[in-house]
Amino acid sequence: MNLKLTPCLLHGEITPPPSKSYCHRALIAAALGGEGSRIDNLAQSKDIEATRRCLDALRTPGEGLPLLDCGESGSTLRFLIPLALVLRGGGRLTGQGRLMERPQEPYFRLFDEKGIFYEKQGEILTVQGRLKPGEYRLSGQVSSQFFTGLLYALPLLDGDSELVAATPLESEGYVEMTLQVLERFGVTARPVPGGWHIPGGQRYRPGTLTVEADWSQAGFFLAARGIGNPIEICGLNPNSAQGDRVAARYMRLLDGPGDVELDVSQCPDLVPPLALRAALRRGEARLVNAGRLRMKESDRLATVTQTLNALGAGVEEGPDSLTIHGVERLAGGGAVDCCNDHRIAMMAAMAATRCAAPVTLLGAQCVEKSYPAFWRDYAALGGQIHTEI
């Protein structure tokens, strides 16, 4: 789907969708807890559908290893690999887009230590074996999703385990979110120096949880407001465990003129909206420690640079950083490829509000991965959208 966006300011109130990160975690815990759980304000998106689908496959009796189609959801893939080993002795995991190219080496190194079989053939990763109680040591400089996957699985083993971050943990807030959800469903992990002690023999029980609004998606509306759109963003929890709540503070730092450097190691998903906000200000902004973005739905360091520069911004790409030279206005005009990346599409949509000429987005349907109602909400705020054949 290609959309032509005519420049105009957005206005009104918007409540971001439910947190996708909370929804994944709540669905998994509820499935393990059995009947009686209740999750309110649950998001609907392709990523959440993938988690539902894989949980159904894990719970469906049958011989052989279950096939888990994770779609394009990195959370689904990394959260469920350890659970597949605990619940079914393994699984065959597959996905679409760039998902199966995304690195799984932290698990593979553990599997080599623990005697777990793994093999990747084409687009299918097969894992087989049984996790055993013991020490599980991971570098903290990898995605926190690996820690979350183990935090769900290790309590189900028949003995105690230790999960250790061998280096300072990036995206630490998302591990805290995991621990909060586990506690709601009757499972505990006790903090110890460098990691967590996880008692074995635990059982999930039914729980209730209301999913809060998503700070990651709010980042795009905060960026839109920062570049001149008079919108009010409602429903956000300022004390959330979501690491991306730092969006509010980082956007404030970009409100004034001058040079700014922002460390995005704890909030890599915020790079597209932060880069947009930085593109329309006086001064230079550097977004550093962003190397993990090269293995997202697109190489986001490259696609953020490509997209914003096509609209008239001044962005320089580094190996693990972006340098944005602020400009007074964006020219717009022409077409930009969303690169099958929902966050690139939403960034470009907000940028279009401040362009001098219309912008055509190629493949704009990719927002369905995380925010299917995005274009409806954009139009409700006054955005002018025309579908092109």
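**Entry 1. Helix H9 and its sheet**

I looked up helix H9 (residues 271–279) and found that H9 lies across S14, S15 and S17, at about 25° to S17. For this I took contact as heavy atoms within 4.5 Å. Axes are lines fitted to C-alpha atoms, for helices over the stretch in contact, and angles run from 0 to 180 degrees between N-to-C directions. Helices (H or I, at least four residues) and strands (E, at least two) are DSSP runs, numbered from the N terminus.

I note that this is a predicted model, in which local features need pLDDT of at least 70 and side-chain atom pairs count only at pLDDT 80 or more, while totals for chains, interfaces and linings use all residues. Residues are numbered from 1 along each chain as its sequence is written, and side-chain values use heavy atoms, with hydrogens and water left out.

I then traced the sheet itself: 4 strands form an open sheet in the order S14-S15-S17-S16, with mixed pairing. Strand S14 (260–263) and strand S16 (314–317) are at the edges with a single partner strand each, so one side of each has no neighbour in the sheet. From one strand to the next, the twist averages 15°. Two strands pair if DSSP finds at least two bridges between them.

I checked the pairings in turn. Strand S15 (residues 284–288) runs antiparallel to strand S17 (residues 322–325), and 4 bridges join them. Glu-284 has His-325 in S17 as its bridge partner, and Ala-285 stands opposite Ile-324 in S17. S16 and S17 also pair in the antiparallel sense, over 4 bridges, and form a hairpin with 4 residues between them. Here Glu-317 stands opposite Leu-322 in S17. I found that helix H10 (residues 300–310) lies across S16 and S17, at about 160° to S16.

**Entry 2. H7 against H9**

I compared the axes of helix H7 (residues 215–226) and H9, which come within 8 Å and cross at roughly 0°. That makes H7 roughly parallel to H9, a label given to angles under 35 degrees; over 145 counts as roughly antiparallel, 65 to 115 as roughly perpendicular and the rest as oblique. By class, this contact of H7 with H9 has 5 nonpolar, 2 polar and 1 charged residues. On the H7 side I listed Gly-219, Phe-220, Ala-223 and Gly-226, which meet Pro-272, Pro-273, Leu-276 and Arg-277 in H9. Ala, Val, Leu, Ile, Met, Phe, Trp, Tyr, Cys and Pro count as nonpolar, Asp, Glu, Lys and Arg as charged, and the others, Gly among them, as polar.

I found another open sheet of 4 strands, in the order S19-S21-S1-S22, with mixed pairing. Its edge strands are strand S19 (335–337) and strand S22 (384–388), each pairing on one side only. Neighbouring strands of this sheet are turned by 25° against each other on average, direction ignored. H11 packs on this sheet and touches S1, S19 and S21, its direction making about 170° with that of S21. Strand S1 (residues 2–6) and strand S21 (residues 359–362) run antiparallel and are joined by 3 bridges; the bridge partner of Lys-4 in S21 is Thr-360.

I also looked up strand S6 (residues 117–121) and strand S7 (residues 124–128), which pair in the antiparallel sense over 5 bridges. Tyr-118 has Val-127 in S7 as its bridge partner. S6 and S7 form a hairpin with 2 residues between them, and Gly-122 in the turn has a positive phi of about 60°.

**Entry 3. Pockets and cavity**

I used a 1 Å grid over the protein atoms alone: a cavity is a set of points where a 1.4 Å probe fits but cannot get out, a pocket is an open set with protein on both sides within 12 Å along at least five of seven lines, and lining residues have an atom within 4 Å of a point. Grid points are joined across faces, edges and corners, and a volume is the space filled by probe spheres set on the points.

The largest pocket has a volume of about 620 Å³. Of its 38 lining residues, the closest to its centre are Arg-102, Ser-143, Gln-145, Asp-269 and Lys-296. The lining divides into 9 nonpolar, 14 polar and 15 charged residues.

I recorded a volume of about 40 Å³ for the largest cavity, which is lined by Glu-72, Arg-98, Leu-99, Arg-102, Lys-296 and Glu-297.
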